[in-house]
Amino acid sequence: MTIEPVHVVGGGLAGSEASWQIAQAGVPVILHEMRPVRGTDAHKTEGLAELVCSNSFRSDDAETNAVGVLHAEMRLANSLIMASGDANQVPAGGALAVDRDGFSDAVTAKLEAHPLITIVREEVSGLPPVEWGKTIIATGPLTAPSLAEAIAAETGADALAFFDAIAPIVHFDTIDMDVAWFQSRYDKVGPGGTGKDYVNCPMDKAQYDAFIAALLEGGKTEFKQWEGTPYFDGCLPIEVMAERGPETLRHGPMKPMGLTNAHNPSVKAYAVVQLRQDNALGTLYNMVGFQTKLKHGEQVRIFRTIPGLENAEFARLGGLHRNTYINSPTLLDGTLQLKSRPGLRFAGQITGCEGYVESAAIGLLAGRFAAAERLEQQPALPPVTTAFGALLGHITGGHISSDDEPGKRSFQPMNVNFGLFPPLEPGTKLRPDDFEGRFRGKDKSIAKKKALSARALADCRAWLGASPRAEAAE
């Protein structure tokens, strides 16, 4: 039986991983990469899987760090990206950092040498033709304008974003609810709401004044030359609002009106920071209106001065940068397939994930799904308890719609983090047999992460054992 090829558009980390997974399943691949026919403002070479920013794949700790768990799951799935990263590792403490040129050369060599992979250096200027059949678009945040326009025409004018205006996201269980309280402004019960839909953190005047001063003095990141300066009135960074006057934030996202402190009803807050549930599990809350260009270290330092957030752990920090991505929860099905055009999948950062490893992981899944269909098999979805499943769930529907702001885009890219994993089952044992006593504070948090990690890796092994296994990437 002749097996028709799967076309992959984009030779970054996601497209390279997707191509490898498809070919390792025995399905031919045609990989379309526009460089060097058309360059980008960020890429410097013709190599596949070129790292354009950091050379770090972040933490390699598969016990207490979610991205480390994702590393481990990708290794179990015989990921080309992870094999090439491991082979080109450079010293970076507990992180996996790579020699960027060696890494790209290794990926390129593996793909060029694979008998089932054909690499075509050309720009795909419009939506891939229907006659290609199974196709994966993995063009990343620097998608060529012509292709971006074609995607927008297919998906809808407001379904494709070109800039992220990202507010920080906090793990709910690190918010001090002895200081903060649940309440919607004026106790408003919106669609799907209860009147207690926000976490509120109060500030007195001295705390607010100190907070504004810290915002103005804090170190900021700069836009890259090719990004421009995408400030819009609806997503101004909080420090830009603070520059417009000390009372601007207090009459904007930090206004105290319509709120009564449940812990001290007789004292009116001078300003209030609100957090809104960000995922269906209720494990993550975003800081409303807090998109920012503060450097990450400054964000942690300054935001932990907010009453109730002194010990906050952040699943994601804020930012504002160029990032072409689609509104995946609306547009894609559970296998990353475009609902309006079956057979056309998206992978990588364009789907709404952040980070090298996350992009490659989604490429891995898209490749496996497409290969299964070419082999007339039903794609096997990863369990939601795995890092693969948690990340896929976020992309295809794990966020919360913004009911109180109709029409507002609520889905935003995110790195993998434990807040995307389903909670542990009641009764899950956190203590080893040789440990006596109770875990408290940080020890309990670490034990919980270890349990989530162990569950994820066990479930991933079971999933892969039930799925067609690729040969090793070495």
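Which residues in H2 meet which residues in H11? The views below show a predicted model, in which local features need pLDDT of at least 70, side-chain atom pairs count only at pLDDT 80 or more, and totals for chains, interfaces and linings use all residues. Residues are numbered from 1 along each chain as its sequence is written, and side-chain values use heavy atoms, with hydrogens and water left out.

**View 1. Contact of helices H2 and H11.** Val-69, Leu-70, Glu-73 and Met-74 in H2 meet Ala-387, Phe-388 and Leu-391 in H11 (contact: heavy atoms within 4.5 Å; helices: DSSP runs of H or I, at least four residues, and strands: E, at least two, numbered from the N terminus). The axes of H2 (residues 66–76) and H11 (residues 387–396) come within 9 Å and cross at roughly 110 degrees (axes: lines fitted to C-alpha atoms, for helices over the stretch in contact; angles: 0 to 180 degrees between N-to-C directions).

**View 2. Edge of the open sheet at E10.** The 6 strands of this open sheet follow the order E10-E11-E12-E13-E9-E14, with antiparallel pairing (pairing: at least two DSSP bridges between two strands). Strands E10 (181–182) and E14 (314–316) are the edge strands. Two antiparallel strands, E10 and E11 (residues 198–203), are joined by 2 bridges, and Phe-182 has Val-199 in E11 as its bridge partner.

**View 3. Ser-184 in the loop between E10 and E11.** Ser-184 lies in this loop and is buried, with a relative accessible area of 3% (buried: under 20% relative accessible area, 1.4 Å probe, protein chains only). The Ser-184 side chain reaches the backbone nitrogen of Asp-197 at 3.0 Å. Ser-184 and Gly-195, 11 residues apart in sequence, are 5.0 Å apart in space, C-alpha to C-alpha.

Notes
Buried < 20%, exposed > 50% of the residue type's maximum accessible area, 1.4 Å probe, protein only. Polar contact = N/O pair within 3.5 Å; in protein donor to acceptor, adjacent residues only side chain to side chain.
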